[in-house]
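Please consult the structure below while reading.

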Amino acid sequence: MQEILTDKANIFAELDKLRAEDARFITITVLDLGAQLEVIYHFEKGKDVVNLKMKTDKEESLPSITGVYSAAFIAENEAQDLFNIKISGLNVDYGGRMLKVESASATTLLKPVVGECPPIMRVFGRCREKCPAMVNAPKYVRQIALGDPEGAYNTIIEQAPLPAILGRVCFAPCEDGCRQDKNEKPLQNRLLKRYAADALSSLKRDVKRMEPTGKKVAVVGGGPSGITAAFYLGMLGHNVTVYEKMERCGGAMFAFIPKYRLPRNILEAEVMARFEEAGVKLETGVEITNLDALFKKGFDAIYVATGAWKSMRLMIEGEDSPGVLDCVDFLFAVNVRNERPKLGGRVAVIGGGNGAVDAARTAKRLGSKDVTIFYRRSREEMPATMEQVQAAMEEGVSFRFLGSPVKIIPGKPLKVIFQNMRMGEPDESGRHKFVPIEGSEFVVEVDTVIKAIGQAVEVPKDFGLRVDKAGRIVVNEETYETSVQGVWAGGDAMTGPTSVIDCIKDGRIATSAIDKYLGGKGLPQPSIDLGELVCKPSKSPEILERMPVPARVLPIVDRIESFNEVELGFNKEEAAKEANRCWRCDWNE
Amino acid sequence: MPKMLTKVLKSLFTKPATVRYPYVKPEPIPGTRGKILFDMKKCDLCQDCERVCPSLAIKVFPDEKRVEYSPFRCLYCHLCVESCMQMAIIPDVVVRAPEFEKIIDIFETERR
Amino acid sequence: MNESKVINVNTIIPFGPQHPVLPEPVQLRFKFEGERIVDVVPNIGYVHRAIERACELNDYKRNVTLCERICGICNFMHAMAYCESIEMITDTAVPERAKYLRTIWSELGRLQSHYLWLGLFIDSIGFESLFMHLWRDREIVLMLNEKTAGHRIHLSTCSIGGVKKDMDDRLIAEYSSSLAELRKRMDNLAPVFIKDKGVQARLVGKGILPKNKASLLGAVGPTVRGSGIPQDMRTLGYEAYSYLDFKPVVYDMEDAYSRMLVRIDEIYQSIDLINRALNQMPNGPILQKNTVFPRGTAITRIEQPRGELFYYVAGNGTNKLERCRIRTPTLANIPALVTMLVGHEVADIPPVLLSVDPCVACTER
């Protein structure tokens, strides 16, 4: 294809040259460039196509070329009607009878297409929409399929700063959103995230912070919400200090989640890597009781993320007998102080959340042979995740549903009196109430009882923050600002006990609000970019893997011997194979 | 001219080339593109078929869990059948018969 | 006593969009002097559907279906030209087997189009029974289409980066036997209208397009090949034509009769090309998906049954095209038609008009 640029003065000289070389006229195209139009005349010379290009203003009229090429009259008439350009001196002029266009507005030249506009392509995949922190799940899965774990690691940190930890403990709402779970199993996003972190030799990246702003921010509490806020505020250029009550950072991840789910060296390595990248100062062993003292030290803003630590009471007789432990104290002792309390042979765990399952599996590892979890509702209403319950069953924990404790009789062994429950009528929100069956009680004899019915929030009174009836901090719904100016709150202290990824979401929202308060622009909104990360498409059935890659775990007999990590994650080939199963719902094919 | 006459005479005695539809129906060839049916047990309301359809004949309402298909806008091109990942669109060999009013087929699902 | 005066009256008769003899909705206004045509003014625009504008509003992958439905008879080649343009812009390499398959289906489309045209042409002279015989043979081609892709006319198998459906051995055997049957029937029928004196009397010497004016007027296709100029886009070697030995068919009698001979020879040539392509077709994949949005411009020229099809596609890096300009062969043949008709009588208008093979659905887009 040959291109000749010309203008109105020289066009006839060029046309005569083409005519002398026996070129044949093909057609005329007009492109709209905004203020100008570009007119292209196409000719055929030999076997090649020659384009003669000319730019003209929209109001000027063009000279007709029918003097040289008389066959162009049809194309010129058509161009005159389609594009509203004026052509003067047309050899054969049909007075505009060629193409009738009715009701065309000034910006559209032709009648618009009848019907609705074509639908917009889906921006986020369903997996990404379900994640509270909007981690770009389709993108990092594609990067792992291409063999780029470092890129995947960076993608995850854009939205959530703890990939190695989330790859072990997250309850993965993204997997619930995967479209593959109607016929096969959903894509194992969590294990792919873990692979992206494990495949790197060092978790510390080489990234730059933004320009220092000179503002100082204090974060009270070193749990997942505090770590997130500290990291993002540090990357935005602020001077951040984290105050943590215990000797190590991590919050509920450190104190509640057992070591066989999250090894302590990985927790430490990742949190320290993030703090080093963002230039965050960490002060452990410091308990903050008064926020005004922090303001006097020169901080411009404070983020309170102290978490939920107070244990809830069962409100039954005999609750304080010896041998009745609380889940919070029990897990603290095992995880933080590295003690091995003696529980005896039979243990009863009361409760149905992840804390109860953690306590039960820990009790198994400490030597108890007969561990039973008692839950007052049925299996479907249990708040613990399916994976946890299944892992507990594999390790030998028994479950007893529809039993609620009424009384504990002290002694050696302890006697616990339970009452059978049955499912009652649903209330107006659709949930069933559980009512006791009169006269049906049973007695269980155990050596230890562990209460694991949840935690409550307790914020020190001296902070001066407004709290609601349950003790949770009251905040503005959009900016997470509290009743005191300059103080934000988030995480478990604000919502009650939730999961790690929900706390990370709170940390992000608070970061945006604090940054805007200090004069910045906040964190960027999650977006898509067209044309990025092209990957081998795999929608045809012969290349798509339909079967999930099974995750490797420790053999069952080895698990309860120690606190070693139970899940072993993917290696490189397994990760690539699993990532290739993705249907790429966000990618419009 | 004489050559044509022999042909005309020969075709007087051969079988006619036409089929006397509607009294005799011809056998449909398998693989012919006809109307489609939605299997709502497998559909997960992902709107891939809506995006691919060239004549905008499929409308999906994910909040109301409903799929609307207008067979009189359909071109029978079967691009939707190829693009459904759950294989929830079933093709048929006959085309929808004409009607006096424009009808829209509504398919509803209860799950999710 | 009667005195007869010859009155020369210039009448303008519209040979309108609806006419029993006219196969396509185009309006020609003839200026007559007595019985002779003096001037012709064409008027097109009765089936304009704004497809070029719709190409800019749609996603660039949906445009394949849209471009296929510009014309019913030459539908596969429109889709093929569009796909080739996008492949040229995005540097997608089409697999070899897909090139052969596209060639085979293009030639099948050409067969079907030439049969349709022959039938209409002969019917305009008045030879109705031959028209029915030819359309009965066309049914064989349409049944082949249905067995391959599911529809008699719109194959819908061309896609960006290759084709969507494959042919297995049973289908290839059916193709060979059907084409042999077609050739046998054509051998029986062709002498009828080539050597018939009545047909020759109506066609020889009508609609003369001199050789020196043919290229200047921008005519394309069999119109210009019947005037002695060997211009055929298939010599450019797109798709698999460079592997099949191809030479254009040329006759130099410059009238409607020679154009008919060109098209009958092209039917034989198409059957040969399909047989050769079926023998030479290699095994392999049939689709190479493209993965980038188009950014840039490309020009594609393809030989349709009626002439040269010209596509100019400009993309700007998003999923909607900047411009898609289509120039169909009948639009280029209209100036030649206007020159050809001057000087004839009224009864010669249908054969001469049809010898150019108008397809106004393509022209109007």
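Helices (H or I, at least four residues) and strands (E, at least two) are DSSP runs, numbered from the N terminus. This is a predicted model, in which local features need pLDDT of at least 70, side-chain atom pairs count only at pLDDT 80 or more, and totals for chains, interfaces and linings use all residues. Residues are numbered from 1 along each chain as its sequence is written, while chains are lettered from A and ligands numbered from 1 in the order in which they are written.

**Chain composition**

- Chain A contains 19 helices and 23 strands, and chain C contains 13 helices and 8 strands.
- A residue is buried if 20 or more other C-beta atoms lie within 10 Å of its own, exposed if 12 or fewer, and partly exposed in between, with C-beta atoms placed from the backbone.
- Of the 589 residues of chain A, 40% count as buried; for the 365 residues of chain C, the figure is 50%.
- Two residues are in contact if their C-beta atoms, placed from the backbone, lie within 7 Å.
- Among contacts with a separation of 6 or more, residues 24 or more positions apart account for 67% in chain A and 70% in chain C.

**Nonpolar cores**

- A nonpolar core is a set of buried Ala, Val, Leu, Ile, Met, Phe, Trp, Tyr and Cys residues joined through C-beta atoms within 7 Å.
- The largest nonpolar core has 120 residues, of which A:Tyr303 and A:Val349 touch the most other members.
- Helix H17 (residues 500–517) of chain A supplies the largest share of this core, 8 residues.
- A second, separate core of 119 residues includes C:Ala98, C:Leu118, C:Phe193 and C:Cys324.
- Apart from its neighbours within four places in sequence, A:Val349 has contacts that include A:Ala356, A:Val371, A:Phe374 and A:Ile450.

**Strand pairing**

- Two strands pair if DSSP finds at least two bridges between them.
- In chain A, an open sheet of 3 strands is ordered S16-S17-S18, with antiparallel pairing.
- Its edge strands, S16 (403–409) and S18 (432–446) of chain A, each pair on one side only.
- From one strand to the next, the twist averages 20 degrees, where axes are lines fitted to C-alpha atoms (for helices over the stretch in contact) and angles run from 0 to 180 degrees between N-to-C directions.
- Strand S17 (residues 414–426) of chain A is joined to S18(A) by 10 bridges and runs antiparallel to it; A:Leu414 stands opposite A:Val446 in S18(A).
- In chain C, 7 bridges join the antiparallel strands S2 (residues 27–33) and S3 (residues 36–43), and C:Arg29 has C:Val41 in S3(C) as its bridge partner.
- The hairpin of S2(C) and S3(C) has 2 residues between the strands, and C:Gly34 in this hairpin takes a positive phi near 70 degrees.

**Helices of chain C**

- Helix H4 (residues 96–125) of chain C has 30 residues and spans 44 Å from its first C-alpha to its last, close to the 44 Å expected, the expected span being 1.5 Å times one less than the number of residues.
- Helix H11 (residues 329–341) of chain C has 13 residues and reaches 18 Å, close to the 18 Å expected.
- A kink of about 35 degrees in H11(C) is centred on C:Pro335; the bend at a residue is the angle between axes fitted to the seven residues ending there and the seven starting there.
- H11(C) is also mostly covered, with 12 of its 13 residues buried, among them C:Pro335.
- C:Gly343, which follows H11(C), has a positive phi near 100 degrees.
- C:Leu142 lies in helix H5 (residues 128–149) of chain C and counts as partly exposed because it has 16 C-beta neighbours inside 10 Å.
- Beyond its neighbours within four places in sequence, C:Leu142 is in contact with C:Gln112 and C:Arg152.

**Backbone exceptions in loops**

- The peptide bond from B:Tyr21 to B:Pro22 is cis, with omega near 10 degrees; B:Pro22 lies in the loop between helix H1 (2–12) and strand S1 (36–38) of chain B.
- C:Asp91, a residue other than glycine, has a positive phi near 60 degrees and lies in the loop between helix H3 (75–90) and H4 of chain C.
- C:Asp91 counts as exposed because it has 9 C-beta neighbours inside 10 Å.
- C:Asp357 has a positive phi near 60 degrees in the loop between helix H12 (349–355) and helix H13 (360–364) of chain C.
- C:Asp357 is buried, because 27 other C-beta atoms lie within 10 Å.
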